[in-house]
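Here is a short briefing on a protein chain. Look over the sequence and the structure first, then read the points by topic.

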Amino acid sequence: MEKSKSQLDDITVGESSLGLLPEETPIRPAWSSKLQYILAQVGFSVGLGNVWRFPYLCHQNGGGAFLLLYFLLLVLIGIPLFFLELAAGQSIRQGSIGVWKHLSPRLAGIGFASCVVCYYVALYYNVIIGWSLFYLFNSFQYPLPWEDCPKMPNTTHKEFDCDHSTSTTYFWYHKALHISSSIEESGGLNGYMTGCLLAAWVVVCLCMIKGIKSSGKVMYFSSLFPYVVLLCFLIRGLLLEGAADGIRIMFTPKLEIWGDIQVWRQAATQVFFALGLGFGSVIAYSSYNNRNNNCHFDAILVSFINFMTSILATLVVFAVLGFRANIITHRCIEENVAKIVDLVTTRSVPALFLPTENITTSEEYSKWFLSISEIDNHTLQLHGIEHCKVENEMNKGVEGTGLAFIAFTEAMTHFPASPFWSVLFFFMLLNLGLSTMFGTMQGILTPLLDNFSALRKRKTIFTVLCCILSSLIGLMFVQRSGNYFVAMFDDYSATLPLIIVVIFENVAVAWIYGADRFMDDIEEMIGHRPWRIYKYMWQYISILGMIGLLLASLIRMVIKKPTYQSWDGEQALEVQREYPPWALAMLIGLIVLAFLPIPVLFLKQLVKERRKKHSSDTYAECDYSQGNTDNEAMEESPVDPECRPNGYLPIEMEDMTETGNLLAGTQGPLTEEDSNQPLT
């Protein structure tokens with residue numbers, strides 16, 4: 001791709017092989033290099049889920065067996081659908097709304113639905129970036145503020161919550177979140193988190209204000225820096241005592257989990273979110289590519305990088321958590337041995353309970369414990385003497401925020417120079433979050449700017465207003481009960497609508513437009529025909545897999561009433577609570593609102609077509625195309641057998657039809673501002 005002085009090419013797109021774009025299309029900005037584009041796609045797909053959700057799922061669902069299952073579903077569902085979105089965006093060179101509207105105006109709702117879901121994700125995802133900022137700011141202290149439990153005023157006793165849990169758990173729930181006991185108890189705004197959220201939105205706004213000109217350059221750092229940190233943590237983690245135990249547990253396969261349908265559902269969902277399918281961001285990024293770019297190679301490369309990043313992050317997490325489990329196990333051994341000595345001294349238990357030799361390792365303790373439990377297991381249970389094993393601590397897996405802000409932070413307190421590692425870790429989380437956030441915002445802004453000419457003329461103002469509005473709505477997530485709303489959005493508001501969006505995308509390309517025709521278009525773009533297996537994947541395997549995932553998710557919601565995890569300060573532990581009726585209504589409303597544009601705009605277009613059919617207006621004729629008044633015969637469109645391919649006008653041409661301006665020579669010269677964005 002040729003480079004201009006601004007590092008972005010303003011290239012003119014050739015005629016689309018899809019037959020949906022005019023021969024002369026508007027000037028559109030492009031990536032300054034292939035590397036910048038790949039980094040943008042990798043930065044969007046590789047996010048916080050690779051660091052905290054994938055390792056948790058891997059551990060809880062059979063270790064190495066889950067890795068094999070995930071890779072299988074990545075090949076059967078993930079790569080084909082990722083390739084589909086890349087090819088569609090690159091060929092039509094529009095955002096998600098424009099792509100599906102060009103295939104057929106009846107499908108425009110798919111793009112609007114993906115924008116709504118993208119907006120949901122942007123609202124709560126930036127809150128997580130705010131949390132990372134809060135911990136980053138607090139990492140510049142020694143000792144770290146979550147390293148020890150605080151003492152109660154005017155006493156030497158520790159805070160009850162902290163004394164009965166851990167110092168990192170206490171800091172997370174009480175100092176960071178100031179969390180309330182349930183979603184029904186708002187508790188007002190959290191001042192520190194409100195400031196961090198606003199700061200996060202300012203950073204996002206400044207990086208997005210010039211489109212890919214600004215966000216693309218930031219990707220060089222935000223996409224690459226996390227890999228540097230992960231490698232540093234991996235090297236450091238492998239040198240820690242207990243790291244080998246953690247990695248061994250990670251890769252120990254439990255093939256019996258393949259018989260659990262919920263494990264398949266979790267693996268498919270992780271593939272789905274890992275690649276960012278359905279968000280529209282993949283389409284938006286690829287729309288800035290040259291039409292001759294090899295998007296097939298890109299799909300395989302980005303998917304492979306994403307998978308290997310998940311493996312790398314899982315190695316790091318389990319090495320560090322193995323170290324943490326080893327420390328907790330040794331502490332457990334010391335406490336139990338001391339307790340046994342006291343019991344023998346006070347003659348509460350027989351002297352045979354006393355170890356015959358000094359216990360220094362978990363293996364020695366396990367051998368002693370099993371020998372005594374065979375003699376009198378009841379006495380051990382009566383006095384609270386438990387079996388201290390690394391595996392037991394590793395099995396106490398924590399998911400999502402708990403893994404990053406509780407378990408991992410606790411492990412880092414045992415590192416030499418712990419503030420340094422803490423700064424490095426949370427700066428990595430910040431970069432992972434921002435690179436994904438840039439892609440999410442592109443999935444919102446690009447389709448709207450492409451579809452509405454009035455917004456294109458005020459691109460900067462629209463971007464700023466969008467960030468301001470989002471920050472105001474985001475205040476809901478920085479209440480004392482805000483963490484519960486984050487969980488609601490993360491667990492439910494995006495999953496089902498995104499699955500529905502991708503199913504419709506797949507059907508639109510494979511069956512409405514035609515898989516063979518789409519393969520022809522890709523062949524014309526990249527110079528060779530993709531593997532024929534893609535046709536059958538798009539037509540059958542991927543669709544059936546997505547429908548199965550949708551049904552499994554719906555059945556799970558019906559069988560198991562939606563719940564959330566709350567903090568019970570009186571018991572100093574996490575408890576599961578059911579959502580109150582108003583929260584369930586809100587949850588259902590969010591899901592319905594997200595996919596509602598699909599049927600609404602479909603019905604609207606059907607009504608519009610019926611009215612046109614009975615109208616004597618010139619524009620109702622199927623053989624009329626913008627800028628073309630001859631009667632040259634054209635091939636039939638697979639979208640509507642009664643209309644020829646240009647019967648559905650591209651978005652830009654529809655705008656011009658309304659104003660009476662045809663593309664053929666009626667536009668004035670480009671202004672400097674317009675040269676960096678699509679023309680109307």
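Of the 680 residues in the protein chain, 57% count as buried. The model is predicted. The chain has 26 helices and four strands.

**Overall build**
- The protein chain exposes about 29,000 Å². Carbon and sulfur atoms supply 60% of that area.
- Take the contacts in the chain with a separation of 6 or more: residues 24 or more positions apart account for 79% of them.

**Nonpolar cores**
- The largest nonpolar core has 188 residues. Trp100, Phe233 and Met441 have the most contacts inside it.
- Helix H5 (residues 108-138) gives this core its largest share, 20 residues.
- Another core, of 15 residues, lies apart from the largest one. Among its members are Leu343, Tyr365, Leu380 and Cys388.
- In soluble globular proteins, nonpolar side chains tend to be buried together.
- What does Met441 touch, leaving out residues up to four places away in sequence? Its contacts are Ala122, Trp201, Val204, Met208, Cys466 and Cys467.

**Disulfide**
- A search of the whole structure finds one disulfide. It joins Cys332 to Cys388, with an S to S distance of 1.8 Å.
- The link of Cys332 and Cys388 is left-handed, with -60° about the S-S bond.
- Which parts does the pair tie together? Cys332 lies in helix H14 (residues 295-345), and Cys388 sits in the loop between helix H15 (362-382) and helix H16 (390-394), so the bond ties parts that are 56 residues apart in sequence.
- Both Cys332 and Cys388 are buried.

**Other cysteines**
- Cys467 counts as buried, at 3% relative accessibility. Cys467 is also one of the residues that Met441 touches.
- Cys58 has a relative accessible area of 0%, so Cys58 is buried. The cut-off for buried is under 20%.

**Strand pair**
- Strand S3 (residues 563-568) and strand S4 (residues 573-578) run antiparallel. Six bridges join them.
- Which residue of S4 is the bridge partner of Gln565? The partner is Gln576.
- S3 and S4 form a hairpin, with four residues between them. In the turn, Ala572 has a positive phi of about 55°.

**Aromatic pairs**
- How many aromatic pairs does the structure hold? There are 51.
- One of them is made by Phe425 and Phe426. The ring centres are 5.1 Å apart and the planes stand at 75°, so the pair is edge-to-face. Planes over 60 degrees apart count as edge-to-face.
- Phe425 is buried, with a relative accessible area of 2%. Phe426 is buried as well, with a relative accessible area of 0%.

**Thr309 in helix H14**
- Thr309 has its place in helix H14.
- Is Thr309 buried or exposed? At 3% relative accessibility, Thr309 counts as buried.
- Thr309 touches Val46 and Tyr227, not counting residues up to four places away in sequence.

Methods. Residues numbered from 1 in each chain as written. Predicted model: local features only at pLDDT ≥ 70, side-chain atom pairs only at ≥ 80, totals over all residues. Heavy atoms only, no water. Helix = DSSP H or I, 4+ residues; strand = E, 2+ residues; numbered from the N terminus. Buried < 20%, exposed > 50% of the residue type's maximum accessible area, 1.4 Å probe, protein only. Contact = heavy atoms within 4.5 Å. Areas by Shrake-Rupley, 256 points an atom, 1.4 Å probe, with all protein chains shown as cover. Core = buried A, V, L, I, M, F, W, Y, C linked by side-chain atoms within 4.5 Å. Pairing = 2+ DSSP bridges. Disulfide = S-S within 2.5 Å. Phe/Tyr/Trp six-rings, centres within 6.5 Å; stacked < 30°, edge-to-face > 60°.
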